[in-house]
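Hi there,

Here is the structure I promised to pass on to you. Have a look at it first, and then read on for what turned up in it.

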Amino acid sequence: MIRRLLAVIIVGIVPVAHAFDAVSLDIEAVATQGWSLQGATIALTELAKNQQQLALTVKTVVLPKPLDDLSLVNLRCTSFTWTAKQMACNKGRAELHSTYWQSPSTNFSFQIDQKRSTFKLTELSLAGTKLAVEGVVDGDRWQLQIKAKQVDVAVLNRLFPQQFFALTAGKIDLNLNVSGIREIPEKFTITAHLEGLTGQTANGKIATEGLMLKANLEASYQNGFWQGQSKAKINGGAIYMEPLYLDANGQSIQLDAQANWDVVNQRLDIKSARYQHANVASLSGNAALQFKDGINIQRADLNLHSENLVPVSTIYLTPFLAQTAWEGITLSGKARANIAINDQALETLTAVFDGVSVNDSAGRLHVDEGSGTINWASNALFNEPSTLAWQQLQIYALPMGPAKLAFLTQASNFSLLNKPRIPFLNGTIAINQFSWQAQPQQEPKVVFTGSLDQVSLEQLSKALNWTPLSGSISGQIPKVEYSNKTLSLAGELLIHVFDGVVKISNLASSGLFTALPKFHADLEIDNLDMEQLTGKFEFGGITGKLSGYVRQLYLENWQPISFYAWLGTPDDDNSKHRISQKAVKNIANIGGGAAADALSRSFLSFFETFGYAKLGLGCYLHEGVCQLMGVEATPSGYAIITGGGLPRIDVIGYNPRVDWAVLMERLKRITTSDEVIIK
Amino acid sequence: MKKLSILGALWLTACVTINIYFPAAAAEKAADEIIKEIQKVEPQKSEPKAGLSDWQIATYQALDKAINLVMSSAHADGADLNIDSAEIRQARASMEARFSTLLPHYQAGYIGIQADGSLAVRDPASVPLQIRNQVSKLVSAENQDRQALYQAIANANGHPEWAAQIKSTFAARWVSNAQSGWWIQSSGSWKQK
């Protein structure tokens, strides 16, 4: 039958030496089953022997579609049979020509039956390794199998230059099996072992380094659907997918998935998927994605589980926080979460934390032993409560004791269900109301009311690294509101301290969590007992009362930028007014020097304390310069202390303008040293 | 009445045009000052000595007075370009804080200064994978701050439209304040300073 298909031109039987030792048949072209053999010569050799050899030489063999990219050139088949129903070459050698494959030569065999034909190429050289290709064509059906071992990807990259992913090192073992009907593939299986794969995209956003990967992908097509399942495991090396850097050394990463692809509707139905980063976290779930006009998540149900949040935060969280306000935040502890997404939007979230600690390298926030359950849903009628508890919560240097919150979160609202009392510096902060409301296209609005009770100033000053103070803060916190990135306090905060009262009003802050926090306040100071106040400073003792104000105080990065302040003896003060020698000297230094000149040093040294009528110092800080003023003007300057009783002392400041930094340096010198001695 | 309307017409036509030119020299000076401050390598702070003797105190006091004098005269002279506002301080504070992290990447040649004064990752593919994200985030954050700084200076001087000119002034100053060994892009190609 085959012979009937052949266009045969017998050019001649070539008689050779040793009469009829061999005969040959030249054929211009053979075409059958999609095969095309051109310039073929069939020779019968060793006629003299009992077993003759039939040899085939062909200039070009083109394989049937869709394998027709391959052509064999200068083919020599030393073991060739040709019967009525079959043409077969069991052992041959040829050059190979292909757009993709470049190999100087290959061993091959083929068998062309009436309906079915097969071919096999072995010893095929590709990218520094040997490759085997096997193909079967049976009517309309076909199958192709490629086996390659230790393919050098760097060579492969030179052979097939492409812009997408430049490969520089590594080896691949590949096993590919594809089958199909006519020109449509219907089923494929790929098994790939990547060893030390190093490469990256041109923009460097995706890269691998020494990647060790074993992957298996199976897919089959039926009635408009591709059904597939894949397993991939990374045992070593690293992957970079901006912004994530995953180092698999010692911690394998595994991704298994089963999915359906709806070709017509461009819909991917992930029936199950599991991502497991050993000793870090696992994420599993299912989802439906639509690939029309971008990727649409129609539905997703995800479960996250981590027994150790330390690597989760350093590997998966830190890269996203880099150069944001939250840079430097790390977590530890355990967590699990369930997330449901419907039509691109989060529908429900349940998260359970246990033994979670939050650390901030910038020292803004610290949570110790946090635990709780957060239940959230987008449904406005959702009413499942959440709880959150901690052993310690620290904001900047301010530590808060253990507390438990019960709250409700739904849609864009958060509201507190209980009225917790949080231990704070020997006293308590009581929260009466706390609510958070997200505003579309705006910063969220936060409202808080509460009270402070007996918060120790001694501990507060210690925590803030101030000169130790005594006394306590109590008072109602009327209404703290955060909206438009601005924190404000409506009403007054009263601090009971040193037998007097400090009243803080018009408190406002913005950019609290930026590199430049800004802070506004007005302070009124009423009748503080100087003896208690100075007793805590290394300033030198003073008795009497002190009143005054700091108005329009403006701090940037906790440094004063401007204010108008006055501190001095109140007019109606009739308490005892004494000042120590050390305090006189220190006050003189604040004033900018030489103030003690009013009295001779020898005279001064006789007395421990002096009486005074009034003392007072004011400063108007503006553009880094403090404009100083005293209790009264004198011809040469301003009086900081006016004498009263005996021995009498007057301290006069001469320099009314002092650079703020210089003034602070002077104060620091005073408070860090008590070695200023009067001789 | 007629007189009044003529006067009025005269008044209307007697327009005075005041041109305010971009103070290029002052901008250069300001740029240098800001860039030097940002790229200042923190010197080892020496603690002021406690327990100063009287003559030392007197000397300090004399110095204070002298400094105050100089300061107030400097304030009186006033630069042509105001570089002090909350927004400017914010951008500067953020860039000063970032510089120590940027410095090793400047030195390693991962990042360089482009012709417009913005930073760029020279060849993203040559940056080690572990720090690639950090470098790219640093560069984009720094560029945001630089842009914010130019606009803040323009705003502080009441001329928001000066931002582009301030940017081009800074562009040259970033290059000239670059340390030797840093990479600079000119007419498309990178060169080491």
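Let's start with some rings: W35(A), F108(A), F110(A) and F119(A) form one aromatic cluster. Rings of Phe, Tyr and Trp (its six-membered ring) count as a pair if their centres lie within 6.5 Å; planes under 30 degrees apart are called stacked, those over 60 edge-to-face, and the rest tilted.

Before going further, some housekeeping. This is a predicted model, in which local features need pLDDT of at least 70 and side-chain atom pairs count only at pLDDT 80 or more, while totals for chains, interfaces and linings use all residues. Residues are numbered from 1 along each chain as its sequence is written, chains are lettered from A and ligands numbered from 1 in the order in which they are written, and side-chain values use heavy atoms, with hydrogens and water left out.

Over all chains, the whole structure holds 21 aromatic pairs. In one of them, F434(A) and F448(A) have ring centres 6.5 Å apart and planes at 65 degrees, so this pair is edge-to-face. F434(A) belongs to strand β28 (residues 427–437) of chain A and F448(A) to strand β29 (residues 445–456) of chain A, so the pair ties together parts that are 14 residues apart in sequence. (Strands, E in DSSP, are runs of at least two residues, and helices, H or I, are runs of at least four; both are numbered from the N terminus.) F434(A) is partly exposed, with a relative accessible area of 27%, whereas F448(A) is buried at 16%. Here buried means under 20% relative accessible area, exposed means over 50%, and partly exposed is in between, using a 1.4 Å probe and protein chains only.

Chain B has an edge-to-face pair too: F22(B) and W162(B), at 5.4 Å centre to centre with 80 degrees between the planes. F22(B) lies in the loop between α1 (2–13) and α2 of chain B and W162(B) in the loop between α5 and α6, so this pair ties together parts that are 140 residues apart in sequence. Both F22(B) and W162(B) are buried.

Which ring does the charged end of R146(B) sit over? The ring is that of W174(B), with the charge 3.4 Å from its centre. In chain A, R551(A) lies over the face of Y549(A), at 3.6 Å from the ring centre. The test for this is that NZ of Lys or CZ of Arg is within 6 Å of the ring centre and within 35 degrees of the ring normal.

**A helix in chain B**

W174(B) is also one of the buried residues of α6(B), among them I166(B), F170(B) and R173(B). The 14 residues of this helix (residues 163–176) should span 20 Å at 1.5 Å a residue, and its end C-alpha atoms are 20 Å apart, which agrees. The expected span is 1.5 Å times one less than the number of residues. What covers the buried residues of α6(B) includes α2 (24–38), α4 (86–108), β1 (111–113) and α5 (129–156) of chain B.

**The cores**

In the largest nonpolar core, of 131 residues, L56(A), F119(A) and I579(A) touch the most other members. Apart from it lies another core, of 38 residues, including F22(B) and L138(B). A nonpolar core is a set of buried Ala, Val, Leu, Ile, Met, Phe, Trp, Tyr and Cys residues joined through side-chain atoms within 4.5 Å.

**Strands around β21(A)**

Strands pair if DSSP finds at least two bridges between them. β20 (residues 345–360) and β21 (residues 365–377) of chain A run antiparallel, joined by 9 bridges, and A351(A) stands opposite I374(A) in β21(A). Their hairpin has 4 residues between the strands, and G363(A) there takes a positive phi near 70 degrees. β21(A) also runs antiparallel to β23 (residues 392–395), with 4 bridges, and to β22 (residues 386–390), with 3 bridges. With β25 (residues 403–410), β21(A) pairs in the parallel sense over 2 bridges, and A377(A) stands opposite Q410(A) there.

**Some backbone details**

The peptide bond from E242(A) to P243(A) is cis, with omega near 5 degrees. P243(A) is found in the loop between β13 (225–241) and β14 (244–247) of chain A. N279(A), in the loop between β16 (267–277) and β17 (281–290), has a positive phi near 60 degrees although it is not a glycine. N279(A) counts as exposed, at 58% relative accessibility.

Enjoy exploring!

Methods
Contact means heavy atoms within 4.5 Å.
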